[in-house]
Amino acid sequence: MLGFEKSYEVCNCKKVTINQIKDAIINQNALTLSEIQDITTAGTECRFCIFPEGDFGKMKKKIYCKDILNEIKKEMING
């Protein structure tokens, strides 16, 4: 996934990993950022990990929930 380990923590506040977000999308049919938040709780505290436009932290994230969602959707479309 975009050069990151599956165990890479996307949401530091809630300790949510890439693998947990992928699972929410693939196995629990989370098709929107809101659904990812509902299932994983990622991005429900400071919200900086949802997408780059909402990252107001001093240290910018390296990957966002939106990136993972878009990558998985692209993989699903392209097979």
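## Aromatic pairs, helices and core of a predicted model

A search of the whole structure finds 2 aromatic pairs. In this predicted model, local features need pLDDT of at least 70 and side-chain atom pairs count only at pLDDT 80 or more, while totals for chains, interfaces and linings use all residues. Residues are numbered from 1 along each chain as its sequence is written, and side-chain values use heavy atoms, with hydrogens and water left out.

**Aromatic pairs.** Rings of Phe, Tyr and Trp (its six-membered ring) pair if their centres lie within 6.5 Å; planes under 30 degrees apart count as stacked, over 60 as edge-to-face and the rest as tilted. Phe4 and Tyr8 make a tilted pair, and Phe48 and Phe56 make an edge-to-face pair.

| Pair | Centre to centre | Angle between planes | Class |
|---|---|---|---|
| Phe4 and Tyr8 | 4.8 Å | 50 degrees | tilted |
| Phe48 and Phe56 | 6.4 Å | 80 degrees | edge-to-face |

Burial is judged by relative accessible area: buried means under 20%, exposed over 50%, and partly exposed in between (1.4 Å probe, protein chains only). Phe4 has a relative accessible area of 23% and is therefore partly exposed; Tyr8, at 28%, is also partly exposed. In the other pair, Phe48 is partly exposed at 25%, whereas Phe56 is exposed at 65%.

**Helix α3.** Helices (H or I, at least four residues) and strands (E, at least two) are DSSP runs, numbered from the N terminus. Helix α3 covers residues 65-78, which is 14 residues, and reaches 20 Å from its first C-alpha to its last. That is close to the 20 Å expected at 1.5 Å a residue, where the expected span is 1.5 Å times one less than the number of residues. The buried residues of α3 are Cys65, Ile68, Leu69, Glu71 and Ile72. Seen down the helix axis, these buried residues fall within an arc of 165 degrees, so they line one face of α3; the arc is that of the directions from the helix axis to the C-beta atoms. Their cover includes β1 (9-11), α1 (18-26) and α2 (33-40), with contact meaning heavy atoms within 4.5 Å.

On the other side of α3, Ile77 and Asn78 are exposed. Ile77 has a relative accessibility of 70% and therefore counts as exposed. Ile77 and Phe4 are 73 residues apart in sequence and 22 Å apart in space, C-alpha to C-alpha. Gly79 follows α3 and has a positive phi, near 75 degrees.

**Helix α2.** The buried residues of α2 are Ile36, Gln37 and Thr40. They cover an arc of only 100 degrees around the axis, which puts them on the same side of α2. The buried residues of α2 pack against β2 (16-17), α1 and α3. Just after α2, Thr41 takes a positive phi of about 70 degrees.

**Nonpolar core.** A nonpolar core is a set of buried Ala, Val, Leu, Ile, Met, Phe, Trp, Tyr and Cys residues joined through side-chain atoms within 4.5 Å. The largest one has 16 residues, of which Val10, Ile21, Ile25, Ile36, Cys65 and Ile68 touch the most other members. Elements β1, α1 and α3 each supply at least two residues of this core.

**Annotated region.** UniProt, in an unreviewed entry, places the feature "domain: BFD-like [2Fe-2S]-binding" at residues 10-50. Over residues 10-50 the chain is 41% helix and 10% strand, and the end C-alpha atoms are 9 Å apart. UniProt positions are given in the numbering used here, feature names are shortened, and annotations may be inferred rather than shown by experiment.
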